[in-house]
Amino acid sequence: MPSSGRSVKVAADRDGGNEGEDKIAMDFLRIKAGPRAYEQLMDGGGVWDRISTYFGPAAGPRWLVAQGFDLTLMKEGLLGRALPVWLVGSSAGAWRFAAWLQPEPEKSYAALREAYTGVTYARGDTPDTILDKLLNVINAYIEDDALPFALNHKRYRLAILTARTRHLAASEIGWIQKGGLALCLLGNMISRTNLARFAERVVFFHGPRPPAFCTHPEFQGRFIGLSPNNFKQAVMASGAIPLVVAGVRDIFGAPRGVYRDGGLIDYHLSHDYSSRPDDLVLFFHHQERIVPGWLDKKLPRRQPTPEALERVLMVFPSEAFLARLPYGKVPDRDDFLTFINEPAERIRYWNRSAELAAPLGEMFLELVESGRIRRLLERF
């Protein structure tokens, strides 16, 4: 457990004893667990050393409400103490976790937030110009000289989820790419297995061996080792949103092709990402619903399999907390268009949302340390 032993302070009074503290926590956080994770936690076992994977979804700007959670885990050194922990993410999840591996992770994470929040777009931007702007964001928080250190990190192993597009979906001509994605959408409506006809999952990882989920029988795709030569390419590709951002072509050490946002296949949590039978998969999410793939957003019945959720411990902001945010919602990609003529207002709104979400990590930490997590725990 963390050595500080301090009492975590949150932006509310705590005069009501344990009941009051539980009420405060419920006003900010909800916590759900899969069947095996629920049993383990209710039995009172430890949490931190059981976590083998921390998963980050393709959340776009919604990741800003995760920054307080990330920074608490980072500062307190809670993960990877016994064995290295996998940081698995697509798009914004991969971008967050790339900062964790840097020599000064908190500084790198702050640089990511500042660069990501501060980037502005114009109506005349094209997928190519947006790609250039996002490459500037990556260069702002990942230094080339630091990559050997990142790839030899003792506590963390990074796994970046990308999609190598095929056929029409690989075109950079807008109307052709739209046609390819439309076919992909139709195929996905029938079955998620049809996604493989249009995009191949490619996992970029570092470590002596690939993450366990890549070796499961149901895994579709391939896995490629990370190196200083492809690290930034893989991070960028994982966030290259179809139709919005130009794809990343021919990543070093990987099959030739056009690589796009990993969320196309792995939007939120879609696999059993645990490494061992009694492990936990920690998942901070911005909402209650888990959507397996980007094209599943309008398919409410499309959910992760029970096996994918069995060992998951999911933490997410409550509806009451979200109502406190500016505009009553988590920042999202639509804000770029909504505030295209008022970038300063968007930046203010995003920064304020991140500030309000800052206590969530310490609040969760206190729930774990005190054992009161069992009172708030819900089943999937």
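This is a predicted model: local features need pLDDT of at least 70, side-chain atom pairs count only at pLDDT 80 or more; totals for chains, interfaces and linings use all residues.
## Helix H6

Helix H6 covers residues 127-141, a run of 15 residues. Helices here are DSSP runs (H or I, at least four residues) and strands are runs of E (at least two), both numbered from the N terminus. The expected span of a helix is 1.5 Å times one less than its number of residues. Residues are numbered from 1 along each chain as its sequence is written, and side-chain values use heavy atoms, leaving out hydrogens and water.

Which residues of H6 are buried? They are Ile130, Leu131, Leu134, Val137, Ile138 and Tyr141. Buried means under 20% relative accessible area, exposed over 50%, and partly exposed in between (1.4 Å probe, protein chains only). Seen down the axis of H6, the buried residues fall within an arc of 110°, so they line one face of the helix. The arc is that of the directions from the helix axis to the C-beta atoms. An α-helix has 3.6 residues a turn, so residues three or four places apart point the same way.

On the other side of H6, Asp128 and Asn136 are exposed. The buried residues pack against helices H4 (92-100), H5 (105-118) and H9 (231-238), and against strand E7 (248-249); contact means heavy atoms within 4.5 Å.

## Aromatic pairs

There are 24 aromatic pairs in the structure. Rings of Phe, Tyr and Trp (its six-membered ring) pair if their centres lie within 6.5 Å; planes under 30 degrees apart count as stacked, over 60 as edge-to-face and the rest as tilted. Trp63 and Tyr109 form an edge-to-face pair, 5.8 Å centre to centre with 75° between the planes. Trp63 lies in the loop between strand E2 (51-56) and helix H3 (67-76), and Tyr109 in helix H5, so the pair ties together parts 46 residues apart in sequence. Both Trp63 and Tyr109 are buried.

The ring centres of Tyr121 and Phe336 are 4.9 Å apart and their planes are at 85°, so this pair is also edge-to-face. Tyr121 is in the loop between H5 and H6, and Phe336 is in helix H12 (residues 334-338), 215 residues apart. Tyr121 counts as buried at 19% relative accessibility, and Phe336 is buried at 16%.
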